[in-house]
Structures are given as structure tokens and as C-alpha cells.
Amino acid sequence: MPEFHASAALLPQGWAEDVLITADAAGWITTVAPGAPPGAADRLRGAVIPGLPNLHSHAFQRAMAGATERRSPAGQDSFWSWRETMYRFVGLLSPEDAEAVAAQLYVELLEWGFTGVAEFHYLHHQPDGTPYAEPAEMALRHLAAARRAGIGITLLPVLYRHGGIFGREPAPGQRRFLNDLDPWRRILEGCRAATAGDPQAATGMAPHSLRAVTPAMLQAVAAEAGPIHIHAAEQMKEVEECLAATGARPVQWLLDNAPVDDRWCLIHATHMTAAETAALAGRGAVAGLCPTTEASLGDGTFPLRPYLAAGGRFGIGTDSHVGTSPRDELRQLELSQRLALRERAVATTEAAPHPGRLLLEAALAGGAQASARPIGAIAPGRRCDLVELDDTHPSLLGRSGDSLLDAWVFAGQANPVRTVVAGGRRVVEGGRHVAGLAVRESFAAAMRRLLG
């Protein structure tokens, strides 16, 4: 059975020293013993934190990162102009390309400390919109990529039928995404069958947004078992369209018309009124924040302070993968608040004065909830997902405990992650993924095909 000895580890009850962590052969933590000698255990000499859940990923967009920055001739660039570029790119991807790109992404996520990913997957069909012989072909490619990399995964097959609020016809660039309920259910069942019995995988549902599904479709999805993720209020144009069509803003419409509770994760939820913010927090749902993508696309700033004050839960995702680091997502989240409010240390309380600790623990809990997997803590009954931060790294040297977490989040650009364990198995050693070179070769071949 795997055994790990951490010189220092962040447990649910706080920091502890000389922690012996035992897991079974399937990767479940069985015992956690502070103050224990290492014996023959695998030594983790730095500061060990739980592996982080990434609650929002469109893996194929990793191949686009950095390629959509040029100013358009009109000079009026936004999420909506970026989306048109994405539609053109998405027509190029084969199943083999999608798997290679996803595997490269998942290796990078692991190297930065993400040990689980929720794959919000809507690239379902062939370029002309024809389904593959296996309806879940593209989703299963992402599962294969996750297994190759060793990352835990929650597959979220997306229901995407329309191009605007409640029934507008889709654009030609969306044809690879489109399904009615019955074809989507076949994809969902394929994902459920493939993840059944795998402790490193789970399946949920993702009605893409109020732009892409009807109320009847949303009701049908909500009747299914499992976590539900949906884009909401990312852009003001979306808010305005929803107001015009329904008389309500997107988050308010969902709260009034859908059974939003702790199964739900509202991705972005950027543009909310004070009443929506408090109401969403009160439902126990998770706000899925993707700060580097939201900054990249010019989305806006999430109302973090009032949301936390109302008891709101959140997790972090890397969405379009212009960034792949949990540290950078947490940093961007806090710094965006500082810019908006012209204050410092926003994500803190009197009882929790270190923003690194508060942000980390919130992201662990919210990400685990949204992923519907037993992750996010070093405790018996959870997956053995561990991240060792090198406390001899220049950005962390001389720091410990909560001060080390502040330094991890806010100091420097280099990566101080030394070791990552996912499901009881070492996948990153010395800061490098154990299969990284082979995965990179497949990725390079795919990119040559896509860009050639």
C-alpha cells in the first residue's frame, strides 16, 4: 500500500508536522497520522497541500492559447470576436488531435498542482456536424487523455442546441456542438458507462447556458442524477439578451426557474446584482471562477467580497487555458479585487488573515463539491491527492504554514511544485511529469497538423 510521510501538511484541522499518510491500492486515503515517524514511507520533505480541483476546462482550447491576441481590423475585440476565432479553429480538430491536446493540458495541470479536472465538453461531432459512430467518441478521448496523464476527471458532456436565448438558430460554427435531448443522453450514457467503477473519474451534466438550451431542456437535465454545470452571466451582452427575452437576468432566472442547489455550479456568474449575489450564496451552489480567462476575455470582475460575506462557495478553473496554474488563478482572483476596490488583502477575515490560506481552502472545498468526487482534503476516505511545495525554492525559502501559502500564491513566477501524487500514484517528480516527454511528442505532432 502507498505510504507518504510529509514533513508538514495542511489537514482539515490545520497545519501538522510529521504526517504519515497511508492509502490503499485503489488510491483511497485510509489513515492520516500526525507526529509519526517516516519508517519506510515515501518522503515528502516540503510543505504538502491537498491536490486542487480544476472545475472548468475546455481542453481543446489549450491549442489556441496565445493565438487569439492580435487586434482585429475593426479594433473592437471582446469575448464575442474571440468566439468567432474559436469556431474557425474547432473545425480542424480530429479525435486524435483532441486527445493529444487534452493529454498535454492535463500534464501541465498536474505539474502546477491540479490533480482533478472537470471537463466541460461540447466538441461532440465531426466537422460537418455528423455524429461519430460512437456518439461519445470525443468525450471518451478526454477520458483516455486523463488516464494517460493520471489526473482525476469529471466528464461533463454539454447539451448545446441553440444559438441564443431560448431558441435562436445556431451559427454554422456551432454545428459540432449541437444535440437534441436524446442524442445528448446517448453521449451521457456513454460517459457514465466508461467512468463506472473508476475512482479517478465521475460523470455529470452541463447544459451549456441559457443561450444554448430551452427551459424544457434545462428541466430534463435537472432530472438527471449528478452535478450540473452551466455558464451564466459571463458577459453583459448575455445579461441584456436574457433581460430582453425573459425580463430577468441570467442568474436570477436560474434561481427562479431551476432547482439550483448544492449540485449546481454556475460558471463565471460575473455580472450579478447584490440580490443575485446573496441569493446564489444562499442556495449552496458553487460559483465556478476562471480568473485568468475572465481577464483575458475582458469579462469583468466577480463580486467576491459580498459573495463570501453571504457564505458563498467557489472553486477555480482554467477554462480557455491561457493559464494552467492554480496559484495563478488564485492570484488573479485576489488581485482583480484589489484593482476594483483599491484595497489589499480582500479575501481575508479577522479569523483568517492570510489570503493564500482562505483562497486555497475555499477552492478545495468548492472544487470538490462541483467535481462530485471525494477530493480536496488530506483525510481518510478522500482520494490520495497530494502536492508537495518545495520550501527550499527561492520564492518560498524561510516561509512556513500560512505565510508559505501567501508566498506560493503571491510571490514570483516560477513553479515551486516538486511532487504531485494523484490517486495514490506519483505523477510529478522533481517538478516534471513522469510521462511528460512522450505526451509532448504527441502534442507536437497534433499541433503540426493543426497549424501546417
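Tutor: Let's start with a definition: a residue is buried when its relative accessible area is under 20%, exposed when over 50%, and partly exposed in between (1.4 Å probe, protein chains only). This is a predicted model, in which local features need pLDDT of at least 70 and side-chain atom pairs count only at pLDDT 80 or more, while totals for chains, interfaces and linings use all residues. Residues are numbered from 1 along each chain as its sequence is written, and side-chain values use heavy atoms, with hydrogens and water left out.

Student: Is tryptophan 253 buried or exposed?

Tutor: Tryptophan 253 has 10% relative accessibility, so it counts as buried. Phenylalanine 166, at 27%, is partly exposed.

Student: How do I read an aromatic pair, and how many are there?

Tutor: Rings of Phe, Tyr and Trp (its six-membered ring) pair if their centres lie within 6.5 Å; planes under 30 degrees apart are stacked, over 60 edge-to-face, and the rest tilted. The whole structure holds six aromatic pairs. Helices (H or I, at least four residues) and strands (E, at least two) are DSSP runs, numbered from the N terminus. Phenylalanine 60 is buried at 5%, and tyrosine 122 is buried at 4%. The rings of phenylalanine 166 and tryptophan 253 make a tilted pair, with centres 5.2 Å apart and planes at 55 degrees.

Student: What should I look for in a nonpolar core?

Tutor: In soluble globular proteins, nonpolar side chains tend to be buried together. A nonpolar core is a set of buried Ala, Val, Leu, Ile, Met, Phe, Trp, Tyr and Cys residues joined through side-chain atoms within 4.5 Å. Here the largest one has 88 residues, and Tyr106, Leu254, Trp264, Leu266, Phe314 and Trp408 touch the most other members. Helix H2 (residues 95-112) supplies the largest share of this core, seven residues. A second, separate core of 26 residues includes Phe89, Leu123, Met138 and Ala206.

Student: And how are salt bridges read?

Tutor: Side chains of opposite charge can pair when their charged atoms come close. The rule asks for a side-chain nitrogen of Lys or Arg within 4 Å of a carboxyl oxygen of Asp or Glu. That gives a count of 22 salt bridges. In one of them, glutamate 276 and arginine 249 have their closest N and O atoms 3.0 Å apart. Glutamate 276 lies in helix H8 (residues 274-282) and arginine 249 in the loop between H6 and helix H7 (250-257), so the bridge ties together parts 27 residues apart in sequence. Glutamate 276 is buried, at 1% relative accessibility.

Student: Which residues do shared partners join into one network?

Tutor: Asp182, Arg185, Glu189, Arg192 and Glu224. Within it, glutamate 224 bridges arginine 185, with closest N and O atoms 3.5 Å apart.

Student: Where does a charge sit over a ring?

Tutor: The test is NZ of Lys or CZ of Arg within 6 Å of the ring centre and within 35 degrees of the ring normal. Arginine 338 has its charged end over the ring of phenylalanine 410, 5.1 Å from the centre. Arginine 383 lies over the face of tryptophan 28, at 4.6 Å from the ring centre.
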